[in-house]
Amino acid sequence: MTHRIATIFAQEFRLARRNHWVLLATLILTLFALALGFFGAGQGAGLKADVLTLTSASLATLSVYLIPLIALLMSYDAFAGEIERGALGLTFATPVRRWEVFAGKLLAQVVAVAVAVTLSFMLAGAALATAFGTSPEGLAAWARLVVSAVGLGAVFVAVGLMLSAFAARTARAAATAIGTWLILVVLYDLALLGGIMASGDGAFATRVFPWLVVANPADAFRLYNLAALDAAPVAGIDGLARTLPFPPETGLAAIALWLVAALALGIYRTKRIVP
């Protein structure tokens with residue numbers, strides 16, 4: 001079993017490297033992290049916070065948009081593309097279990113996202129720490145950001161693979177992936193803001209709204225990172241991180257639940273694919 005998953009993993013990771021996804025994602029995330037850090041360095045003195053703390057707050061918001069998009073673009077054609085090319089039928093004809101195919105693809109693309117996130121944030125963090133210095137609080141905030149960003153990427157890789165298995169066609173998988181990104185990352189927050197504005201300070205705002213926010217993996221990631229940053233300026237939905245009716249670690253639990261659910265649905269659908 002381990003050998004079969006490792007074989008699928010190696011093939012999928014080579015494909016990600018050949019398509020330059022890891023390099024492209026690393027460059028994009030590094031440039032954005034450096035830009036946010038150096039352009040926002042002047043706020044540190046007024047807010048009595050070091051640059052890494054401020055940049056981690058900014059990146060917690062920006063990563064919500066970039067990392068899910070990168071993960072979905074990397075994974076949306078993993079099954080659909082192979083079905084169209086006829087390669088998946090050949091894979092299923094070998095003595096490999098279908099859940100092992102899904103697991104191997106998932107591990108390879110999660111590692112690819114993790115390498116891109118870790119390398120880019122570590123390079124940017126080292127540059128910012130060298131230029132402006134840091135503190136134990138800044139290093140802790142940066143470490144939380146890196147670990148949780150890898151978790152966020154893993155969730156959307158699993159979602160992308162699951163959507164690809166259901167779509168079975170590359171064009172449909174691409175449209176579904178982009179639609180999912182728009183709903184979870186953009187439209188979901190707009191709907192919540194509309195709901196909070198309509199309800200005012202009623203029960204929805206105090207009891208329902210926080211749970212709806214943490215139910216979204218992107219918002220759960222953002223709230224987890226911002227909850228511990230007292231010196232970082234936040235507003236809007238991000239400001240909820242200061243008044244959570246539950247521990248910030250609930251955000252990590254929500255991310256883990258999304259990962260398990262996407263994994264279960266993806267494996268379920270993979271077992272029923274007719275190549």
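User: Which helix gives the largest share of the lining of the largest pocket?

Analyst: Please note at the outset that this is a predicted model. The largest share of that lining comes from α1, with six residues.

User: What is the volume of this pocket, and which residues line it?

Analyst: The volume of the largest pocket is about 200 Å³. Its lining consists of Ile8, Gln11, Glu12, Arg14, Leu15, Arg18, Glu82, Arg85, Ala87, Thr91 and Lys105. At least two lining residues come from each of α1 (2-18), α5 (80-85) and α6 (87-92).

User: How does that lining divide by class?

Analyst: There are six charged, three nonpolar and two polar residues in the lining of the largest pocket.

User: And the second largest pocket, what is its volume?

Analyst: The second largest pocket has a volume of about 170 Å³. It is lined by 14 residues, and those closest to its centre are Glu12, Leu15, Asn19, Met74 and Asp77. Glu12 and Leu15 are also named in the lining of the largest pocket.

User: Is Gly104 buried or exposed?

Analyst: Gly104 has a relative accessible area of 0%. The cut-off for buried is under 20%, so Gly104 counts as buried.

User: Changing topic: how many cavities of 30 Å³ or more does the search find?

Analyst: The search covers the whole structure and finds one cavity of that size. The volume of the largest cavity is about 30 Å³.

User: Which residues line it, and which helix gives the most?

Analyst: Ala25, Leu29, Ile67, Ile70, Val113, Ala116 and Val117 line the largest cavity. The helix that gives the most is α7, with three residues. Each of α2 (21-39), α4 (51-75) and α7 (98-132) supplies at least two.

User: What classes of residue are in that lining?

Analyst: The lining of the largest cavity has seven nonpolar residues, and it has no polar and no charged ones. For comparison, the lining of the largest pocket includes six charged residues.

User: Let us turn to helix packing. At what angle do α7 and α8 cross?

Analyst: The axes of α7 and α8 cross at roughly 150° and come within 9 Å. An angle over 145 degrees counts as roughly antiparallel, and α7 and α8 are therefore roughly antiparallel to each other. The crossing of α7 past α8 is right-handed. In this contact there are 20 nonpolar, four polar and one charged residues.

User: What about α8 and α12, parallel or antiparallel?

Analyst: Helix α12 spans residues 250-270, and α8 packs with it at an angle of about 25°, their axes 8 Å apart. That angle makes the two helices roughly parallel, as angles under 35 degrees are classed in that way. The crossing of α8 and α12 is left-handed.

User: I am also interested in Glu137. Where does it lie, and is it buried or exposed?

Analyst: Glu137 is in helix α8, which covers residues 136-167. With a relative accessible area of 55%, Glu137 is exposed, because the cut-off for exposed is over 50%.

User: How far apart are Glu137 and Thr53 in space?

Analyst: From C-alpha to C-alpha, Glu137 and Thr53 are 7.1 Å apart, although 84 residues separate them in sequence.

User: Finally, the chain as a whole: how many helices and strands does it have?

Analyst: The chain has 12 helices and zero strands. Of its 275 residues, 48% are buried.

Notes. Residues are numbered from 1 along each chain as its sequence is written. This is a predicted model: local features need pLDDT of at least 70, side-chain atom pairs count only at pLDDT 80 or more; totals for chains, interfaces and linings use all residues. Side-chain values use heavy atoms; hydrogens and water are left out. On a 1 Å grid over the protein atoms alone, a cavity is a set of points where a 1.4 Å probe fits but cannot get out, and a pocket is an open set with protein on both sides within 12 Å along at least five of seven lines; lining residues have an atom within 4 Å of a point. Grid points are joined across faces, edges and corners, and a volume is the space filled by probe spheres set on the points. Helices (H or I, at least four residues) and strands (E, at least two) are DSSP runs, numbered from the N terminus. Ala, Val, Leu, Ile, Met, Phe, Trp, Tyr, Cys and Pro count as nonpolar, Asp, Glu, Lys and Arg as charged, and the others, Gly among them, as polar. Buried means under 20% relative accessible area, exposed over 50%, partly exposed in between (1.4 Å probe, protein chains only). Axes are lines fitted to C-alpha atoms, for helices over the stretch in contact, and angles run from 0 to 180 degrees between N-to-C directions. Angles under 35 degrees count as roughly parallel, over 145 as roughly antiparallel, 65 to 115 as roughly perpendicular and the rest as oblique. A crossing is left-handed if the near helix is turned anticlockwise from the far one by less than a right angle, and right-handed if clockwise.
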